[in-house]
There are 2 protein chains.
Amino acid sequence: MTAVTPDVETAVLAICRSAKEASRALATATRATKDAALIEMAEALVAQAGRIVAANQEDIARGEASGMSAGLLDRLTLTDARIDQIAAALREVASLPDPVGEIRRGSTLPNGLRLVQKSVPLGVVGMIYEARPNVTVDAAGLALKSGNAAVLRGGSAAAKSNEAIVAVLQEALEAAGLPRDAVQSIDAYGREGATALMHARGLVDVLVPRGGRDLIQTVVRESTVPAIETGEGNCHVYVDATAPLERAVDIVLNSKTHRVGVCNAAETLLVHRDRAGDVLPAIMAALRGAGVTLHASGDAAASAPAGIATVPATEEDWATEYLSMDLAVKVVADIDEAIEHIRTYSTGHTEAIVSESYAAIERFTTSLDSAAIIVNASTRFTDGGQFGLGAELGISTQKLHARGPMGLGELTTTTWLVYGEGQTRA
Amino acid sequence: MTAVTPDVETAVLAICRSAKEASRALATATRATKDAALIEMAEALVAQAGRIVAANQEDIARGEASGMSAGLLDRLTLTDARIDQIAAALREVASLPDPVGEIRRGSTLPNGLRLVQKSVPLGVVGMIYEARPNVTVDAAGLALKSGNAAVLRGGSAAAKSNEAIVAVLQEALEAAGLPRDAVQSIDAYGREGATALMHARGLVDVLVPRGGRDLIQTVVRESTVPAIETGEGNCHVYVDATAPLERAVDIVLNSKTHRVGVCNAAETLLVHRDRAGDVLPAIMAALRGAGVTLHASGDAAASAPAGIATVPATEEDWATEYLSMDLAVKVVADIDEAIEHIRTYSTGHTEAIVSESYAAIERFTTSLDSAAIIVNASTRFTDGGQFGLGAELGISTQKLHARGPMGLGELTTTTWLVYGEGQTRA
């Protein structure tokens with residue numbers, strides 16, 4: 001367990017405690033108040049875009065000096081146009097229904113007690129994420145709408161940007177009559193601060209890590225605060241014996257190449273051996289045409305049409321979330337081998353089947369154990385926005401509490417309210 | 001982190017792996033098959049009660065020799081009559097609706113994709129509990145009904161009893177055509193086995209500790225498997241200024257004395273100062289009459305009628321879950337002080353208010369952050385059976401996944417099924 005110096009622990013716990021205090025005001029805030037604060041936040045970000053962009057420039061200069069990759073620099077960069085988009089996302093959150101106060105279940109018991117299960121905020125939501133300053137705003141907005149206070153730990157590479165953003169958001173909260181401590185950053189306390197946050201059980205109600213595998217595994221291992229594992233997606237597409245050729249090509253191409261750096265992109269293609277002679281070569285040609293490197297099993301390599309290059313797949317390829325223009329490809333004897341392969345290597349995010357067989361589809365959808373199972377469509381649809389849930393905080397690949405895209409509802413818990421007239425137990 | 005010798009780790013992981021394998025058969029088992037297995041298990045327990053009681057006698061002899069308290073010995077003891085009760089509970093679980101396969105949400109998206117959120121088993125449920133052999137059967141039954149495999153770690157004091165019970169249950173599972181590995185014990189591997197179970201992330205989907213504070217805190221601290229905190233109940237009853245005298249006396253007396261060793265028993269009484277002169281003395285007289293020791297604040301002690309003894313409450317009393325015939329008693333200036341006190345000391349289980357004031361009841365029910373809030377009734381109603389949820393695995397005092405009594409539904413997660421006709425993302 002990482003050691004935390006007492007000063008850092010004291011400072012982070014004080015922040016969590018004031019977040020808990022603020023969460024009490026948020027829990028009973030009306031939708032009108034919360035939406036007004038979200039609009040105020042959106043307006044403040046746009047109005048103070050200059051201040052934020054200036055802070056962001058400092059982070060970028062530091063990133064360039066330390067040799068940050070072009071991709072990471074791009075994710076880090078804020079411009080007026082990007083701030084407009086971030087502000088627009090806050091306005092969208094304001095337009096979503098309030099997830100708090102929903103009656104989930106209820107009944108009158110034989111002894112006359114009236115039972116009501118009502119959704120309530122979780123309390124304090126902790127987020128640990130990497131250097132993407134837009135996440136700071138997204139997380140703050142989703143937490144606020146669901147009546148939660150947020151304690152944020154962004155990547156140190158975005159520290160200046162996050163500091164400026166949080167300051168602007170806090171001013172907006174105050175202007176809207178809500179406590180400024182509803183959104184706080186612990187970036188000033190570095191990695192030790194993150195560790196202190198992971199141990200703030202009792203003050204922080206849930207911790208959501210968002211980022212690469214290492215970050216998520218550290219949180220899972222280290223955190224005594226209940227955490228939600230998000231985002232790792234070793235997603236599969238299985239092309240069944242009955243798959244229509246063109247549909248199979250379209251779905252695999254879209255699943256792999258529509259956007260490669262995301263968790264719902266396909267990473268492995270499994271093809272029924274009956275289609276190794278027609279569908280598989282067509283898919284390989286299309287993928288190579290799009291610039292995808294094919295990591296092929298022996299069988300699969302043998303299916304490659306003339307002039308379509310492959311590289312040999314190793315055991316490691318089956319377990320790899322490439323997040324790049326790479327795809328592992330394997331020929332399977334039947335659907336059972338496909339299911340067994342997926343069970344062995346899947347991270348439980350999304351698996352897709354292309355098939356016309358009712359029996360095969362039934363078997364695939366009932367035998368696998370992933371957050372989303374997609375029939376005859378692209379893996380790229382596993383997404384809160386695509387599912388119509390509104391904004392999402394991340395995609396849960398664990399089974400407790402939330403599974404798949406986490407929207408506002410997943411940032412609530414429930415309370416049982418019991419109304420009686422003096423009932424006692426006999 | 002507790003060290004685990006490699007042999008123990010290997011053995012426990014092999015058990016978890018075979019449980020995962022068995023969970024796949026359970027996940028697609030029909031309700032008819034699962035219910036038949038539950039009935040078979042109930043019949044086998046009754047038929048082989050002699051074998052189980054004999055094993056239990058060994059545990060009892062060991063317990064007596066080691067000076068186990070009368071209360072613990074009673075919890076440990078199995079008789080033919082108790083085995084009949086345990087078997088009857090299994091038959092009741094068989095009669096409950098199947099929580100698997102329930103459609104929770106669904107819609108057709110603008111692009112024609114059909115979205116269905118369906119309940120599915122969690123997979124492998126780990127239970128760590130103390131020396132109560134009935135929990136072995138309850139946990140196995142609830143897990144089976146909800147399509148989950150169970151890996152059980154009971155207290156070492158009940159090791160022989162649990163060994164016999166698990167053997168009987170496994171024979172019944174096989175007779176019913178289900179895998180015997182659906183219910184397994186790791187008692188043979190002692191504390192190290194429990195630690196190995198806590199680290200079996202990826203094989204075990206949820207860990208439910210059931211027992212005293214130390215056990216639960218160890219699991220929360222040590223487990224990388226997602227755990228559900230259960231059972232600690234520092235429950236409060238607040239008697240408001242408007243409380244009817246007789247109702248207040250009945251509710252406090254029942255909340256404290258109906259059964260003292262349980263998590264939904266009241267541990268602290270808070271009384272509005274306007275009622276320190278009439279309701280409080282009446283409650284104190286009734287509680288003392290029932291044999292309750294009153295740990296009273298200065299104000300509260302001053303309210304005691306002549307001849308009613310109190311002992312001074314210390315800071316520690318407010319935070320204590322006595323689980324005995326003891327109650328902490330305090331006079332508060334108003335409902336705000338009551339709410340602040342509860343926020344400070346509550347474990348988030350159950351709080352009750354006795355009041356005729358609409359405003360006070362609204363304030364109490366919206367300001368507190370506990371699994372159950374009870375208006376004008378006994379705290380003892382926070383219970384899966386009382387709530388009409390059927391059997392319960394425990395009472396969750398955390399906010400993620402399950403809150404309050406955990407019934408069969410809380411042993412499931414969901415999968416998103418997406419049905420398309422070739423849709424890809426633009």
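1. The contact between the chains. In this predicted model, chain A and chain B meet through 52 residues from chain A and 52 residues from chain B. On the side of chain A that touches chain B, the elements giving two or more residues are helices H9 (213–222), H10 (245–257) and H15 (358–367), together with strands E13 (372–377) and E16 (412–423), each of chain A. E16(A) supplies the largest share of that side, namely 11 residues. By residue class, the side of chain A that touches chain B comprises 21 nonpolar, 21 polar and 10 charged residues.

2. Strand pairing across the contact. E13(A) is joined to strand E16 (residues 412–423) of chain B by five bridges, and the two strands run parallel. Within E16(B), the residue that stands opposite A:Val375 is B:Tyr419.

3. The sheet containing both chains. An open sheet is formed by 10 strands, in the order E10(A)-E9(A)-E11(A)-E8(A)-E7(A)-E12(A)-E13(A)-E16(B)-E2(B)-E1(B), and its pairing is mixed. Its edge strands are E10 (311–312) of chain A and E1 (103–108) of chain B, each of which pairs on one side only. At the chain B end of this order, five bridges join E1(B) to strand E2 (residues 114–121) of chain B, and these strands run antiparallel. B:Gly106 has B:Val116 as its bridge partner in E2(B).

4. Helices on the sheet. Helix H14 (residues 335–345) of chain A packs on the sheet, where it touches strands E7 (235–239), E8 (266–272), E11 (326–332) and E12 (350–354) of chain A. The direction of H14(A) makes about 140° with that of E11(A). H15(A) also packs on the sheet, touching E7, E12 and E13 of chain A as well as E16 of chain B. The angle between the directions of H15(A) and E13(A) is about 160°.

5. A helix pair in chain B. The axes of helix H10 (residues 245–257) and helix H11 (residues 279–289) of chain B come within 9 Å and cross at roughly 40°. This crossing of H10(B) and H11(B) is right-handed. From H10(B), the contact draws on B:Leu245, B:Ala248, B:Val249, B:Val252, B:Leu253 and B:Lys256, and from H11(B) on B:Val279, B:Ala282, B:Ile283, B:Ala286 and B:Leu287. Of the residues in the contact of H10(B) with H11(B), 10 are nonpolar, none is polar and one is charged.

6. An enclosed strand in chain A. Strand E3 (residues 124–129) of chain A is largely enclosed by the rest of the structure, because six of its six residues are buried. A:Val124, A:Gly126 and A:Ile128 point one way from E3(A), whereas A:Val125, A:Met127 and A:Tyr129 point the other way, and all are buried. Five bridges link E3(A) with strand E4 (residues 149–153) of chain A, and the two run parallel. Among the paired residues, A:Gly126 has A:Val151 as its bridge partner in E4(A).

7. Chain A overall. Chain A has 15 helices and 16 strands. Its radius of gyration is 24 Å, close to the 22 Å given by the globule rule for 426 residues, so chain A is as compact as a globular protein of that length. The C-alpha trace of chain A spans about 70 × 70 × 40 Å along its principal axes. Of the 426 residues of chain A, 55% count as buried. Among contacts in chain A between residues at least 6 apart in sequence, 72% join residues at least 24 apart.

How values were computed: Residues are numbered from 1 along each chain as its sequence is written. Chains are lettered from A and ligands numbered from 1 in the order in which they are written. This is a predicted model: local features need pLDDT of at least 70, side-chain atom pairs count only at pLDDT 80 or more; totals for chains, interfaces and linings use all residues. Two residues are in contact if their C-beta atoms, placed from the backbone, lie within 7 Å. Helices (H or I, at least four residues) and strands (E, at least two) are DSSP runs, numbered from the N terminus. Ala, Val, Leu, Ile, Met, Phe, Trp, Tyr, Cys and Pro count as nonpolar, Asp, Glu, Lys and Arg as charged, and the others, Gly among them, as polar. Two strands pair if DSSP finds at least two bridges between them. Axes are lines fitted to C-alpha atoms, for helices over the stretch in contact, and angles run from 0 to 180 degrees between N-to-C directions. A crossing is left-handed if the near helix is turned anticlockwise from the far one by less than a right angle, and right-handed if clockwise. The radius of gyration is taken over C-alpha atoms; the globule rule is 2.2 Å times the number of residues to the power 0.38. A residue is buried if 20 or more other C-beta atoms lie within 10 Å of its own, exposed if 12 or fewer, and partly exposed in between; C-beta atoms are placed from the backbone.
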